[in-house]
Amino acid sequence: MIRIFENRDIHRRGHVEFIYAALRHMEVFGVHKDLEVYKSLIDVLPKGKFIPTNIFQAEFQHYPKQQQCIIDLLEQMEDNGVMPDPEMESLLINIFGKRGHPVRKYWRMMYWMPKFKNISPWPLPNPVPNDSFELAKMAIQRISSLDLQTKITVYQASELPDSIDDTWIVSAQSPVQKELLDAHPHDVSIFVEGAFRVWLRTASVSYFILRADPRPKPKPPPSDMDDVGNLRIPFFEMPSPGQELMKPPSVHEQEDGTIFAVCATGTSSRDSLLSWIRCLEADGNTALAEIPILFTLKSPLGEVVPISDTGESSEDKNITSGTDKLDS
């Protein structure tokens with residue numbers, strides 16, 4: 001279409017409207033991240049006609065319609081993560097001159113975009129794979145990267161007896177989380193919550209967490225703040241025999257709860273989550289056989305997230321790990 005437009009009329013009337021129409025349909029043709037297409041669209045404009053000849057034309061945006069069109073093109077490149085090259089600078093200078101606003105926009109992009117290109121501590125391939133299993137592994141690895149001892153395990157629900165969903169389960173759990181789960185009181189319920197969403201460029205992955213309510217913080221001993229008769233400097237004193245040091249919380253003990261494990265499944269159904277709990281129990285988390293587990297359907301992605309097709313209500317369901325019985 002660009003070649004047809006260039007060869008149809010030597011004056012190339014309507015070039016601004018043609019560029020705007022091309023920008024709207026670039027994603028449909030799958031070229032919204034192709035640098036060569038953007039340069040071909042810029043090359044449609046005539047050379048030398050829009051270059052300002054004095055400072056007033058340069059500052060008051062000489063030929064504002066054409067300059068704003070190319071600025072919108074550069075902004076679309078920036079939104080799609082397409083970094084320009086020196087050839088594009090030559091094109092812009094030949095069309096608008098060194099004082100043109102599109103050239104200034106190009107210079108700002110070349111200053112900031114290389115700084116932000118590799119700033120993420122979780123690098124991703126570009127483009128990301130289309131396979132949901134590979135995306136799930138990348139997402140769970142990103143979520144659990146805070147603890148370097150976290151082990152990512154892939155389970156197959158079909159290997160469990162009486163499993164309903166034949167799907168894969170990508171789970172992440174660290175030794176510290178196993179210790180926290182073993183130390184959890186067996187008469188206090190824990191929760192399977194989700195689905196939550198994590199984005200990997202333009203692809204999203206739904207994941208679930210196994211968590212417990214936050215532990216109450218120990219209360220300090222009562223003291224009179226106005227009593228100055230016994231001033232102490234705790235930095236130079238040894239702890240008394242009856243005084244215990246408080247263990248600092250781990251990265252898995254957050255203010256809103258303690259995270260025991262995280263997973264992503266192929267179907268995101270309740271049956272696959274039940275298989276996940278069974279796999280965790282078989283993988284050394286024996287405390288799950290005695291701790292009551294509540295499956296909740298509430299999620300920030302919506303008011304109610306139907307993680308099963310059984311048509312049940314959004315009330316919590318209490319299940320016992322290792323059995324097939326579901327109690328209301």
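I call a residue buried under 20% relative accessible area, exposed over 50%, and partly exposed in between, with a 1.4 Å probe and protein chains only.

**Ground rules**

I am working from a predicted model, in which local features need pLDDT of at least 70 and side-chain atom pairs count only at pLDDT 80 or more, while totals for chains, interfaces and linings use all residues. I number residues from 1 along each chain as its sequence is written, and my side-chain values use heavy atoms, with hydrogens and water left out.

**Confidence**

I looked up pLDDT, the predictor's confidence in each residue, from 0 to 100. The chain averages 82, and 86% of the residues score at least 70. Over residues 303–328 the pLDDT is below 50. That stretch still has 51 contacts in the model beyond near neighbours in sequence, a contact being heavy atoms within 4.5 Å. Where pLDDT is low, the predicted coordinates should not be read in detail.

**Salt bridges**

I counted a salt bridge where a side-chain nitrogen of Lys or Arg lies within 4 Å of a carboxyl oxygen of Asp or Glu. The count came to 10.

I took Lys65 and Glu17 next; their closest N and O atoms are 3.0 Å apart. This pair links distant parts of the chain, 48 residues apart, with Lys65 in helix 5 (residues 64–79) and Glu17 in helix 2 (residues 15–25). I take helices (H or I, at least four residues) and strands (E, at least two) as DSSP runs numbered from the N terminus. Lys65 is partly exposed at 48% relative accessible area, and Glu17 is partly exposed at 44%.

Lys137 and Glu134 pair at 3.7 Å between closest N and O atoms. Both sit in helix 8 (residues 132–143), three residues apart, about one turn of the helix. I found Lys137 partly exposed at 27% and Glu134 partly exposed at 31%.

Asp213 and Arg211 form a salt bridge at 3.5 Å, N to O. Asp213 is partly exposed at 42%, whereas Arg211 is buried at 14%.

I also noted a salt-bridge network that links Glu36, Lys39, Asp85 and Glu87.

**Helix 9**

I checked helix 9 (residues 175–183) and found Gln177, Leu180 and Leu181 buried. Seen down the helix axis, the buried residues fall within an arc of 100°, so they line one face; the arc is that of the directions from the axis to the C-beta atoms. The face turned away from this buried side carries the exposed residues Glu179 and Ala183. I listed what covers the buried residues: the cover includes strand 2 (168–173), strand 3 (190–200), strand 5 (253–254) and strand 6 (257–265).
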